[in-house]
Structures are given as structure tokens and as C-alpha cells.
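Please open the model in your viewer and keep the sequence panel beside it. The stops below tell you what to select next and what you will find there.

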Amino acid sequence: MNLKLSQNFWLHTLATIFENKDFGKTLPHGKKVMVEYSSPNTNKPLHLGHLRNNFLGYSVAEILKADGYEVMKTNLVNDRGIHICKSMLAYQKFGKGETPESAGIKGDHLVGNYYVVFDKANKRQIEELVAQYQAETPNEDIEKLKEKAGKNTPLILEAQAMLKKWEEGDKETVDLWKKMNGWVYVGFDETYKTMGVNFDKIYYESNTYLLGKDLVEEGLAKGIFFRKENGSVWIDLKEDGLDEKLVLRADGTSVYITQDLGTADYKYADFPMEKSIYIVGNEQDYHFKVLFTILKKFGRNYANGMYHLSYGMVELPSGKMKSREGTVVDADDLIAEMMSIAETRTKELGKIDDFSEEEAKKLYRMLALGALKYYLLRVDPKKTMLFNPEDSIDFQGDTGVYIQFNHARIASLIRRADLLNNNYQKENYLGKAKLQDIEIELIKLLTSFPQKIKESAQEYAPSVVADFAYNVAKTYSKFYNELSVFNEPDLPTKSMRLALSSATARAIKSAMSLIGVEVPERM
RNA sequence: GUUCUCGUAGCUCAGCUGGAUAGAGCAACUGCCUUCUAAGCAGUAGGUCGCAGGUUCGAAUCCUGCCGGGAACACCA
């Protein structure tokens with residue numbers, strides 16, 4: 001009797017899940033949240049670290065949507081500054097009019113190459129300078145000489161002069177800047193498209209870098225900031241466990257924090273949000289603590305909703321990625337390699353020989369990105385993680401491809417059921433079907449989807465949803481191996497199994513879409 | 001030096017708002033394709049939860065100290 005009650009309870013639970021197309025998601029409640037992510041520099045192409053950032057940002061935005069928020073995805077592009085001038089200067093000196101078309105490489109890579117050229121040439125100049133200094137002052141500490149040389153090479157001085165020209169609006173400089181940034185944007189757009197991420201609004205630092213000076217005045221007037229004798233403006237945050245922090249230079253120019261203060265107001269005026277999430281690496285923890293503390297002191301009503309999603313670095317088995325040592329994993333290269341591996345593996349299995357080339361390519365991309373995204377998102381965002389190239393292309397076990405595979409398998413079942421006109425609406429199984437333990441386990445698991453979405457939204461942790469998807473796939477896989485759907489003689493039970501399979505497929509698809517991963521119908 | 005952060009099986013990670021025998025995957029080994037996709041399933045083996053104290057009826061989980069890894073502390077961004 002008890003058993004029967006319990007069976008019916010789970011059957012009804014299944015029916016409820018099956019009938020709710022948006023199962024797991026919260027209805028829109030109108031609250032607004034801004035998610036800022038990606039935020040690349042326009043002097044070099046995207047790398048592995050950016051991939052974690054972009055996948056996280058996109059996923060967090062999707063998860064917040066599923067939690068009922070109205071989401072504005074933004075990208076604050078760092079398109080100006082001394083580092084940009086370095087690429088520009090190197091191009092001016094050594095570029096010989098090369099273009100992405102003439103060189104046959106993506107614009108972001110081309111510009112990145114000139115950044116490297118600058119760095120190499122500059123390094124030689126540093127060595128020369130240090131040697132010169134040593135001859136002049138043999139007793140001085142070598143590290144100090146290196147530091148001094150680093151600030152005074154002819155190339156650095158030229159780059160600084162160029163930055164000044166840019167700020168003054170010098171036409172030639174600005175034109176070069178526009179041309180090269182234009183190349184980079186074409187390259188970035190291509191990479192973003194391949195990655196499957198996008199933005200609702202793009203901010204450019206060239207438009208926002210002067211913001212915040214009025215806030216300095218406001219801070220002085222409110223007595224939050226104070227001016228030192230040389231004219232520089234500071235805030236004392238010792239009571240908040242932080243130090244004194246400069247907010248305006250003695251010459252009246254802005255620093256990073258000045259700009260971010262102004263940009264915060266600017267963004268809020270654009271999109272009056274309850275929450276504002278900054279997806280930025282954990283090396284900037286201190287900066288964001290200071291930023292948020294200042295905004296709270298200013299009494300900004302949005303300040304309490306600000307959150308720095310401080311994600312950990314991605315390390316390689318050989319250690320940290322270092323551009324100087326050439327150990328940076330390029331995003332485009334990595335994705336291309338993953339696709340080629342997906343292609344090889346798929347061809348070996350030979351299950352999609354009837355696919356058109358276009359369909360096949362779409363699948364390779366889906367599998368490659370699925371593997372990569374899942375690999376990077378299954379880990380708690382806050383933690384430093386290891387990127388092991390060999391593991392990341394693994395398609396077995398706790399991987400994106402495993403989950404995709406289970407979806408494809410169910411899709412195959414459903415196709416067959418539809419072909420046979422099998423009906424699996426609840427009338428066919430409620431009160432009649434018999435549930436095995438593994439089926440109850442699966443239904444229970446599906447039931448937890450809404451709370452998993454809530455949890456991942458509250459923690460800003462896509463890993464929670466990723467883990468859910470994996471567990472569903474794993475449990476389904478077990479069910480699939482233990483019990484047969486089409487060979488089940490009891491018709492109500494057969495219907496129930498089809499409904500359960502269908503509900504599972506939808507949960508997998510839905511959860512995977514929250515981490516930005518598509519699932520195939522066949523693979 | 002100060003502050004932050006991490007330390008769970010050989011490796012990569014879950015678990016951490018305290019609760020019973022600490023879970024996956026990879027790698028190793030053993031089985032399973034004439035039945036719905038084997039990119040799969042089942043099983044074996046593998047752990048003093050960095051160390052030492054403390055709080056508690058109870059600690060991987062909370063507190064303190066130590067050890068070890070990473071990071072941040074510019075009139076850089």
C-alpha cells in the first residue's frame with residue numbers, strides 16, 4: 001500500500017516535470033542585473049584565461065536569466081593606454097604597411113605580433129641602458145638600474161609620447177589607433193562568435209577613461225577624500241582594513257580607480273540595476289574591495305548590489321602562462337585543435353557517415369566547445385584551476401561530450417517512439433506504470449533542478465549547474481543500461497520510460513544551455 | 001613585511017550555511033556489444049581530508065597557530 005502511494009507520487013512528479021517546458025526556471029520578476037565580462041585589451045589576441053572569463057560571464061548571465069533576472073551583458077573594452085601604443089609604435093616602425101589581408105592572419109593576432117615585436121626590441125634597449133648605467137654608476141644595485149632602465153628606454157619614451165599625442169587627439173595617431181583597433185575587433189568578433197558568447201552593450205575605455213573626476217570633487221566635498229600637499233587626492237581606508245589609496249594624481253590626471261568610479265555611475269545611469277557583477281580575475285581582489293568600499297561611502301544605492309566574481313587563474317601543467325616565455329595558450333588555436341580532435345574521433349566511430357559536411361562541421365564545433373566549456377566551468381570559479389591539454393580533450397567520463405552523448409542517445413529513442421506513434425502522455429502511465437529504484441532516483445534528481453539553478457545563481461557558480469547536468473546524464477546512463485524502453489512488455493511502464501527519457505533530455509539540454517553548451521540530436 | 005586565497009585518492013575535481021560507512025572522473029586491473037548509440041555500463045584497488053591544537057554530543061566543514069603553493073599591496077591598468 002505504502003509502496004503504491006510512493007510509486008504514484010513519483011509518477012505524478014514525473015508528469016509535472018514533463019509538462020513544464022521551463023522546468024527549473026523562475027519566472028521573470030523584473031529585477032535587473034548587469035554582468036560585465038570579457039574586457040579584453042586590444043593589443044593582443046584572446047588566450048586561455050579569457051576563455052574561462054568569457055564562458056563564466058556568459059554562463060552566469062544565462063543562469064541569472066533563468067533565475068528571473070533581466071540581464072544586461074556588457075563588455076568594457078580596454079582599447080587605449082600605453083600598452084596599445086606599444087603595438088602601434090612597433091607597427092609604425094616595422095610594419096611596412098602590412099594588413100591582416102596582406103599577411104593572411106586575423107587582425108588581433110597581427111596586432112599581437114607587433115606587441116611582441118615591441119617587447120623584444122625594448123628588452124634589447126633595456127639591456128643596453130643597464131650596461132650604460134653600470135658603467136656610469138658601478139656601485140648601484142643592479143635591480144634598481146634595471147627598474148630605471150625599464151622606464152627610460154627610447155622606445156618606452158616614444159610610446160609615452162604617442163599616448164600623449166593620442167590624448168591630444170593628434171590625427172595621425174588617432175587614425176592609426178582606429179585602423180589597428182578595427183583589425184582587432186574583426187578578429188575578436190570572429191572569436192566571440194566561435195565561442196558562442198555575445199554582449200548587449202560594449203563600452204570602450206577610450207570613452208570612459210576621463211570619467212570619475214567629478215566624483216573626486218564629490219568625495220572631497222563630502223569629506224571622504226582628502227588632498228595632500230602636492231595636490232594628489234587620497235582616501236584613507238585603514239578603518240576598513242585597507243590602506244590609503246590614491247584616487248587622483250598630483251597633476252590632476254586619473255588613475256584606474258578614478259575611472260572605475262566614474263564608469264560605475266555611468267553604467268548605472270544606462271541601466272538602473274539591482275545587481276552588478278564584474279567577472280574579473282582574482283588578482284584584482286584588492287582593487288574591487290576598494291572600489292566597492294568607496295561607492296558605499298558615497299552612499300550610492302546600487303553599491304550594495306555590486307559583486308566581484310573573482311575567478312582563479314588557469315594554470316598549465318608547466319605552471320603559469322607567461323607571454324614572455326611563449327607558454328600562452330591562444331584561444332583560437334585551442335578551439336581549432338579541439339575541433340580537429342572532435343572530427344578525428346567522430347570519424348573513427350563512424351556514426352554520422354550520412355551527415356552533410358555542414359552538419360558534420362556543426363557537430364565538431366558543438367563537441368569541441370562542449371568539451372572546452374564544460375572542462376572550464378565544472379570547477380568552482382573561485383579556484384585556481386589546472387588546464388591539462390590531454391584531459392581537456394578527453395571525451396570520456398566527467399566531460400561535456402559524455403553529457404552530450406547521453407542527450408543524443410535519448411534523442412534517438414524519442415525519434416523512434418515518434419516514428420512508431422508511441423504515446424507517452426501521463427494518461428498512459430499514471431497509476432499504472434511500475435517504477436524501479438533507478439527510475440525513482442532519476443526523477444528525484446530531476447526534481448532538484450530548480451534549487452540547483454537558484455543555488456548557482458546565488459553563488460554565481462555555473463559549476464553547480466554543470467555538476468547537475470553530469471549527474472543527470474550519469475544516472476540516466478545507468479537506467480539506460482539496466483532497463484529497456486522498447487522491449488518493455490508492460491505498456492504503461494514503457495510510456496513512463498519514454499516520458500522519463502524525454503524529461504531527462506530536456507533537463508540536460510536546459511542545464512547545458514545554462515553553461516553555454518549545445519547538445520546534438522545525433523553524434 | 002602586511003593582507004587575501006588555496007591545500008580532500010597517483011592526477012583533476014565534488015563535498016565546506018557542522019551530522020551517520022568522505023564521493024566522481026582520469027590513470028591501473030577484471031568483466032559486458034546477435035536486443036533502444038560501448039563517446040557506454042558493472043566491478044576491483046586506491047584517502048592519517050597539509051600538520052597541531054580548540055569549540056561541539058558530533059569537524060573535511062567553524063576558530064587559532066604552524067607548514068606549503070598562488071596572488072595582491074605603484075602618482076600602472
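Begin where the two domains meet: between domain 1 and domain 2 there are 6 residue pairs in polar contact, with both residues of each pair at pLDDT 80 or more. A polar contact is a pair of N or O atoms within 3.5 Å; within protein, one atom must be able to donate a hydrogen and the other to accept it, and residues adjacent in sequence count only if both atoms are side-chain atoms. On the side of domain 1 that touches domain 2, helix 13 (331–349) and helix 14 (357–377) each supply at least two residues, and the residues of that side divide into 3 nonpolar, no polar and 4 charged. In this grouping Ala, Val, Leu, Ile, Met, Phe, Trp, Tyr, Cys and Pro count as nonpolar, Asp, Glu, Lys and Arg as charged, and the others, Gly among them, as polar. Helices (H or I, at least four residues) and strands (E, at least two) are DSSP runs, numbered from the N terminus.

Before you select more, note that this is a predicted model, in which local features need pLDDT of at least 70 and side-chain atom pairs count only at pLDDT 80 or more, while totals for chains, interfaces and linings use all residues. Residues are numbered from 1 along each chain as its sequence is written, chains are lettered from A and ligands numbered from 1 in the order in which they are written, and side-chain values use heavy atoms, with hydrogens and water left out.

**The two domains**

Now colour chain A by domain, taking residues 7–28 + 329–514 as domain 1 and residues 81–205 as domain 2; these bounds come from an automatic or database domain assignment. The centres of the two domains, taken over C-alpha atoms, are separated by 46 Å. Their contact (heavy atoms within 4.5 Å) takes 7 residues from domain 1 and 8 residues from domain 2.

How much area do domain 1 and domain 2 bury between them? The value is about 530 Å², with 49% of it on carbon and sulfur atoms, where buried area means the accessible area (1.4 Å probe) that two parts lose on being put together, summed over both.

A salt bridge is a side-chain nitrogen of Lys or Arg within 4 Å of a carboxyl oxygen of Asp or Glu. The count between domain 1 and domain 2 is 1 salt bridge.

A search of the whole structure finds 29 salt bridges. Side chains of opposite charge can pair when their charged atoms come close.

Select E167 and R80, whose side chains meet in a salt bridge of 3.2 Å, N to O. This pair links distant parts of the chain, 87 residues apart, with E167 in helix 7 (residues 154–168) and R80 in the loop between strand 2 (70–77) and helix 3 (82–94).

Then select E218, K222, D265 and R300 together, as they are linked in a network of salt bridges.

**Two buried residues**

Select S477 in helix 19 (residues 462–482), which is buried, with a relative accessible area of 12%. Its side chain is joined to that of R409 by a polar contact of 3.2 Å.

For the last stop, select R497 in helix 20 (residues 491–514), which is buried at 3% relative accessible area. Leaving aside neighbours within four places in sequence, R497 is in contact with Q436, E439, F479, L483, S484, V485 and E488.

Definitions and conventions:
Buried means under 20% relative accessible area, exposed over 50%, partly exposed in between (1.4 Å probe, protein chains only).
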